[in-house]
Amino acid sequence: MGEEALPNDIVDALGLNDPSRFIRGFWRDNLACEALKLPTGQRAARLPALLAKPDSLPAIVYVPSRAMAEEVAAWLRARLDAVPYHGGMESSARTQAQDAFMSGRSNVIVANVAFGMGVDKPDIRTIVHMSAPQSIENYYQEIGRAGRDGKPSRAILFYSWADKKLLEFFHENSFPPVEKLAQFLGTVPREWTPLDKVARPTDVTEENFEAFLKQLHNHGALEWSPTLGIANRNGKSWVERYLKQEEHKRFQTDEIFRYAESNRCRMNELVGYFSTQEAGEKRCGQCDNCAPASTMGGGLRSAMPRERAIASSMLSLLTARDGQAAGMLLTSVASRKSVGRSEFEAILAALDRAGLVRISRESYARDGKEAQNRKILLTRSGRRNNGNDLDLWVDADSVVRSDGPASRRRKPRGPFRAGTAQ
Ligand SMILES: [Zn+2]
């Protein structure tokens, strides 16, 4: 997304009314970003150790719900002065929590998105997201509250595919099928009609009906007033605008997970989302992908000797033939050492993370459907590296296959089938 094309909603979401913001740019030198794939149930347990590290307080912990703000704050309170902050609290209690945090009496605030607007505390050291936010715009804005004093700060994102499923579920609920909207709109009179006189579609719950009205109202198809009810405005272009917004929201969700899954410099990914020109080829040198040894969350571990050997094998196969498809590279490396798909993927990600290879994704048509092909290309440092002293970091959960005598004693294997060995 180029600077010229920055949509207005990004400008609004980030509060970028001040044009000098564009001149200063998006890059933040003092923010080390980290993303950690972790099941929902294991995230809170990571917090005490994470926040006990030197210079990690004060901290904001963002949670997706009011209930979680209470729960997580209570869980942390045994160890830290944590306060909850969410929309369901009395406004006096919210002010108290905010004051405690601002004055330093509390060093952790556990908040849902309601917290942070207009808060300018310069010394926030850590921002933790307990689940994936809805967009890069939101994420960038929230982590932007750390380190305004210019000192080193961290942003840690917990995520998993369960988060994606949940966001997709919310998306489906807030964006009903356009045919259904149109069908309902056809039943709405042009004159003001009280809501209880309007026939709610039989297959739509009361809760989802609100999404119907909201979307039609937002896109100019009908007017909605708390006192008068609704009135059909027969807007012409609402369908097109609605579909465009729906697609944009879906894109935003996809992008936050692309960010989370990336093996590339996180600051570069964030900045590149807003301005590829500003991001360029820069690396921050401090995120989990640039500097895996200093990660806070422990999402990566140093590669084992066997994994290094496989990586080195992959590099030499690529040196012989650069730009191989991922599947072909797997088959070749597996014929030398018995490597399963998940192990291969973890090592490939590690090579990508270390900047030794680049994974280029190409879409092509197969049987009338769109399929993806991954080509693995050596980078300049990948071509220089003979694999002797690789500094590789793999996903901490990746399982190392035994390479010991026991496996050597096994009977000769049958023909290898790519992608089946685990
Ligand atoms: Zn980086």
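Does P122 count as buried or exposed, and why? In this predicted model, P122 counts as exposed because it has 11 C-beta neighbours inside 10 Å, and a residue is called exposed at 12 or fewer.

## Surroundings of P122

P122 sits in the loop that links strand 4 (108-111) to strand 5 (126-129). Leaving aside residues up to four places away in sequence, P122 touches R148 and D149. The C-alpha atom of P122 also lies 7.9 Å from that of R145, a residue 23 positions away along the chain.

## Overall composition

The protein contains 17 helices and 13 strands, and buried residues account for 31% of its 422 residues. Among contacts with a separation of 6 or more, 72% are between residues 24 or more positions apart.

## Parallel strands and their crossovers

Strand 3 (residues 82-85) is covered on both faces, with A82 and P84 on one side and V83 and Y85 on the other, all of them buried. Strand 3 pairs with strand 4 in the parallel sense over four bridges, and within this pairing A82 stands opposite V108 of strand 4. Together with helix 5 (residues 91-103), strand 3 and strand 4 make up a right-handed β-α-β unit.

Strand 5, at the other end of the loop that holds P122, has T126 and V128 pointing one way and I127 and H129 pointing the other way, and all of these residues are buried. Strand 5 runs parallel to strand 2 (residues 59-62), to which four bridges join it, and V128 of strand 5 has V61 opposite it. Strand 5 also pairs in the parallel sense with strand 6 (residues 153-159), again over four bridges, and the bridge partner of T126 in strand 6 is R154. From strand 5 the chain passes through helix 6 to strand 6 in a β-α-β crossover that is right-handed.

Why is helix 11 (residues 266-274) described as largely enclosed by the rest of the structure? Nine of its nine residues are buried, so the helix is largely enclosed by the rest of the structure. The buried residues are R266, M267, N268, E269, L270, V271, G272, Y273 and F274, a list that includes the charged residues R266 and E269. These buried residues pack against strand 1 (31-37), helix 6 (136-143), helix 10 (238-261) and helix 12 (276-279).

## Helix 7 against helix 10

Helix 10, one of the elements against which helix 11 packs, also meets helix 7 (residues 161-174), and the axes of helix 7 and helix 10 come within 11 Å and cross at roughly 170 degrees. Since angles over 145 degrees are counted in this way, helix 7 and helix 10 are therefore roughly antiparallel to each other. Helix 7 contributes K164, L167, E168 and H171 to the contact, while helix 10 contributes K249, R250, T253 and F257. Sorted by class, this contact of helix 7 with helix 10 has two nonpolar, two polar and four charged residues.

Three strands form an open sheet with antiparallel pairing, in the order 10-12-11. Strand 10 (324-325) and strand 11 (357-366) are the edge strands, each of which pairs on one side only. Strand 10 pairs with strand 12 (residues 369-378) in the antiparallel sense over two bridges, and Q324 stands opposite I376 of strand 12.

How values were computed:
Residues are numbered from 1 along each chain as its sequence is written. This is a predicted model: local features need pLDDT of at least 70, side-chain atom pairs count only at pLDDT 80 or more; totals for chains, interfaces and linings use all residues. A residue is buried if 20 or more other C-beta atoms lie within 10 Å of its own, exposed if 12 or fewer, and partly exposed in between; C-beta atoms are placed from the backbone. Two residues are in contact if their C-beta atoms, placed from the backbone, lie within 7 Å. Two strands pair if DSSP finds at least two bridges between them. Axes are lines fitted to C-alpha atoms, for helices over the stretch in contact, and angles run from 0 to 180 degrees between N-to-C directions. Angles under 35 degrees count as roughly parallel, over 145 as roughly antiparallel, 65 to 115 as roughly perpendicular and the rest as oblique. A crossover is right-handed if, with the strands pointing away from the viewer, the path from the first strand over the helix to the second runs clockwise.
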